[in-house]
Amino acid sequence: MSNTIGYDPLLVRYLADELNSRLRGRRITAAPLFASDLSVTLRCEGGETLRFDLHPSRGWARLIPSEPGESAELDAECTGVSAPPDERILRIGLSDSGRFQSQERTLVIELHTNQWNAILVAEDDRIVSLLRGRRAGSRALFPGERYALPGAQRRYGLDADREEAFDVWKSELAEVEPAKRRGRLLGRFAWTGATNADWIIGAEGSEASLADAFGRWWWLRGMPEPHPCLLRLNDNLQPYPVRLGGIPAEAAASLRSAMAAAAEQADAEAAPAVDPRQAAALTLARDRKASAERKLERLTEQLGRTGDAEVLRNIGDLLLARLHEVPKGASSTSLEDWEGNQVEIDLDPQLEPPENAARYYDRAGRLKRAEEQLPSLIEAAEEEIARWSAAVEEVEGGDTPGWLIRQMQRSEQRSAAEREPGPALPYRTYRTSGGLEVRVGRNSRDNDRLTFHSSSPNDVWLHARSVPGSHVILRWADVGGAPPARDLAEAAQIAAVFSRARTSGVVAVDWTRRKHVRKPRGAPPGAVVPQQVKTLFVEPDETAVARMQERE
């Protein structure tokens, strides 16, 4: 049984309320302890410690007894615990009344699917310390940088009356075939997530069942009285604030106790780890399974948002039809559509009206192409989950699959090779799930060295379209055929992550044979001209790319 916690906005909101009632006004340590096992702890008065286990295979948030003899200065006061509406973010306020001046700090726990993190933020929004430093698009998560929240979801339903909400519900879901309603629900409606989506949407496709589904969503949206429990979802124990009809559940005194029960169950299952290599294989398989599950959730949510393509195309049509009414240099305008309704349209003030229309057409085209690409990516993610689930079961049963042993051996050989001194290579190395080598340029000059000196003419060259980024080489010797679709998609995902478009929902990645890439005379480092280009659309996933480096 896997006990990774899945966080959705509803669970985070109820957890924030529970922690707030428990911690508000209590003395607490002003600085959290970030540990190498990806845990975050805050010592509280009364002999308790608030602990977040943010490893991908865990995810528990608990108040546990402090260790005997553990000492920490309780030099701050908890000013409250909150969660922004329909977001997977916890904010823990810390007020440090120092000798000369007081300090207000916030511990932000990010529980999004791509990478859990904890960041201590000062009063001036500067990052004081954090669990994992990284770059996430325009967000630089490092000490001293200004902290910025991830982009808000802005889904429907935070403020709406029931009659209006039901009309929106029908307009969004009634015309969607039942198999795609789950994705549309996750992409459009507030307070939904992987845990409650299937329960809300149900299995039937009739109009009556759609009305029943609306009733279930409206009930959750109204924040019902909490009844903490442990849901049994397949092989997972999932703490949740309310019972979901038809899903087996065990009552719990609180969400904290539910998470403690899930943690105890995981510890009991992991107890008989006698063979270190088998334990390492089990950890690897569980981590990869959890990563694949989060990837599937993101792809499903993205698929639910692709319905915006028609809306964006209509806006482009409206702008072209009303060009004389669009003021130049404006950041927005209001135009009357074909049915006599006023439509508010965001504009780029630096673009001419026709260019703004073209921008909407371009965005609509990207979403449409994403809609075509996402089903295959979702299918691949589901296959990946099945593969790692089978591996977990085999290792737990005492057998380690041969392919997993070989993967671990390659990783060990790579680690040994890296310890040997030698000339620095102009690239990082990754390996796809099919075993193909991928090389990634480290900087502009190394991009040139990689493309023209560390690759073969028939290798595949990839680069994120129209944005700065690394050159990526997929090693492939077959002159006549293209590489396997999955390996090519994984190489494209690496190119997306190593580009400035890494925080976009879907990134266009161009690819061609390396022999079709040329360097113009006098061009700056890294600037090339590719020809005979084809394009893939992928979703950046930094966790999946990190796994490919571990795989190598």
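I took contact to mean heavy atoms within 4.5 Å. The model is predicted, so I kept in mind that local features need pLDDT of at least 70 and side-chain atom pairs pLDDT 80 or more, while totals for chains, interfaces and linings use all residues. Residues are numbered from 1 along each chain as its sequence is written, and side-chain values use heavy atoms, with hydrogens and water left out.

Entry on Ser454. I found Ser454 in the loop between α11 (444–453) and β20 (460–464), with helices (H or I, at least four residues) and strands (E, at least two) being DSSP runs numbered from the N terminus. Leaving aside residues up to four places away in sequence, Ser454 touches Pro426, Tyr427, Arg439, Arg449 and Arg475. Ser454 counts as buried because its relative accessible area is 19%, buried meaning under 20%, exposed over 50% and partly exposed in between (1.4 Å probe, protein chains only).

Entry on the aromatic rings. I counted rings of Phe, Tyr and Trp (its six-membered ring) as a pair if their centres lie within 6.5 Å, with planes under 30 degrees apart stacked, over 60 edge-to-face and the rest tilted; by this rule there are 12 aromatic pairs. Among them, Phe214 and Trp217 form a tilted pair, 5.9 Å centre to centre with 55 degrees between the planes. Phe214 and Trp217 are about one helical turn apart because they are three residues apart in helix α5 (residues 207–221), and both are buried. I also noted one aromatic cluster made up of Tyr156, Phe166, Trp169, Phe189, Phe214, Trp217 and Trp218.
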